[in-house]
Amino acid sequence: MDILDLAFMQRALLAALLVGITAPAIGTYLVQRRQALMGDGLGHVALTGVGLGFLLNASPVWMATAVCIAGAVVMELIRWYGRTRGDIALAMLFYGGMAGGVMLMNLSDSGSSANLSSYLFGSIATVSEEDLVAICILAAFVILTTVGLRRQLFAICQDEEFARVTGLPVRMLNLLVAVTAAVTVTVAMRVVGLLLVSALMVIPVAASQQIARSFKATFALAVGIGVTVTLSGTATSYYADVPSGATIVLIAIGLFGVLTALATPLAKRRAGKAGKAATAAECTLDAPGERTAADDVKV
């Protein structure tokens, strides 16, 4: 039977496609801001939302979204007004979110270790129609934000002071980046799991940076890599009967290694071309001077 003939694999592949787009899209900005590990902290906060969803018999995806957004807002507020640094706030969210999620999951009647494992490490084959609707809605928000506001978000990620001088609402945009990252975590948790979601935000971006020369190219290539690894990882997990989240991340790491190996000769070739161009430019500038000196001698 073909993989596309199965309803659960149709849902799985669509969810993987959306995650492959959204995770590297927001990850590009996080890497630019040196906040590559934000997804880890938010992923553990989202686990509290999952446990709360099981405890209240509500949708774990929507509950995780609400709790994760609240955690992102708190983290940004601590970074703005608190005396503690952002990494300390992230650590508190990291451990508190994990502990709260495990506790609430064990207190719920419908929660189990199997349910906990599926959210921690991903279980793409169990994506329901309700989960897919939530993923589509949340992914649309992430795509509209990261693409529609790309100039403003790039400005604050590159230089906050310059962005503030130009009149951009820096704090609101910083908050929007945090909220978008939180939404992306809940989009990806059914595909790669909460413990591995940060890898899908970072690795495609790091891989694209090996050969891309501009932010725009890095963004586009990172999304392309994300889609490639999520779809191929999902198909591989089906045929090989292995966990989808781990498969996707390992494929992404392998692709990063390949692009890193290709980057060195490519960089040497670019440097050689730049050197030749510089030499040609110097010869062009020197030539008129030499002719003038010869003319002077003749005179």
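**Close-up views of a helical protein chain**

**View 1. Helix α10 and its cover.** Helix α10 (residues 197-209) contains 13 residues and reaches 19 Å from its first C-alpha to its last, close to the 18 Å expected at 1.5 Å a residue. The model shown in this and the other views is predicted. Helix α10 is mostly covered, with 10 of its 13 residues buried. The buried positions are V197, S198, A199, L200, M201, I203, P204, V205, A207 and S208.

**View 2. The whole chain, for orientation.** The protein chain has 12 helices and 0 strands. Read along the sequence, its pattern is α-α-α-α-α-α-α-α-α-α-α-α. Of its 299 residues, 45% count as buried. The chain exposes about 14,700 Å², and carbon and sulfur atoms supply 66% of that area. Among contacts between residues at least 6 apart in sequence, 76% join residues at least 24 apart.

View 3. M38 is found in helix α2, which covers residues 38-55. Because its relative accessibility is 3%, M38 counts as buried. As for the helix itself, the 18 residues of α2 should span 26 Å at 1.5 Å a residue, and the end C-alpha atoms are 26 Å apart, which agrees. Helix α2 is mostly covered: 16 of its 18 residues are buried. Just after α2, N57 takes a positive phi of about 55°.

View 4. T184 has its place in helix α9 (residues 170-188). Is T184 buried or exposed? Its relative accessibility is 0%, so T184 counts as buried.

**View 5. The aromatic pair F8 and Y238.** A pair of aromatic rings is described by the distance of the centres and the angle of the planes. The count for this model comes to 6 aromatic pairs. One of them, F8 with Y238, is tilted, at 6.5 Å centre to centre and 55° between the planes. F8 lies in helix α1 (residues 7-32) and Y238 in helix α11 (residues 215-240), so the pair ties together parts that are 230 residues apart in sequence. F8 counts as partly exposed because its relative accessibility is 29%. Y238, at 27% relative accessibility, also counts as partly exposed.

View 6. Y29 and F215 form a tilted aromatic pair, with 5.5 Å between the centres and 50° between the planes. Which helices does this pair link? Y29 is in helix α1 and F215 in helix α11, 186 residues apart, and the pair links distant parts of the chain. Both Y29 and F215 are buried. Y29, F154, F215 and F219 form one aromatic cluster.

View 7. S123 is found in the loop between α5 (113-121) and α6 (129-148). At 19% relative accessibility, S123 counts as buried, because the cut-off is under 20%. Residues up to four places away in sequence aside, S123 touches S118, R190 and S244. S123 and V191 are 68 residues apart in sequence and 6.1 Å apart in space, C-alpha to C-alpha. R190, one of the residues that S123 touches, lies over the face of Y119, at 4.5 Å from the ring centre.

**View 8. Confidence along the chain.** The protein chain averages a pLDDT of 82, and 84% of the residues score at least 70.

Technical notes: Residues are numbered from 1 along each chain as its sequence is written. This is a predicted model: local features need pLDDT of at least 70, side-chain atom pairs count only at pLDDT 80 or more; totals for chains, interfaces and linings use all residues. Side-chain values use heavy atoms; hydrogens and water are left out. Helices (H or I, at least four residues) and strands (E, at least two) are DSSP runs, numbered from the N terminus. Buried means under 20% relative accessible area, exposed over 50%, partly exposed in between (1.4 Å probe, protein chains only). Contact means heavy atoms within 4.5 Å. Accessible areas come from the Shrake-Rupley method with a 1.4 Å probe; for residues, only the protein chains shown count as cover. The expected span of a helix is 1.5 Å times one less than its number of residues. Rings of Phe, Tyr and Trp (its six-membered ring) pair if their centres lie within 6.5 Å; planes under 30 degrees apart count as stacked, over 60 as edge-to-face and the rest as tilted. A charge sits over a ring if NZ of Lys or CZ of Arg is within 6 Å of the ring centre and within 35 degrees of the ring normal. pLDDT is the predictor's confidence in each residue, from 0 to 100.
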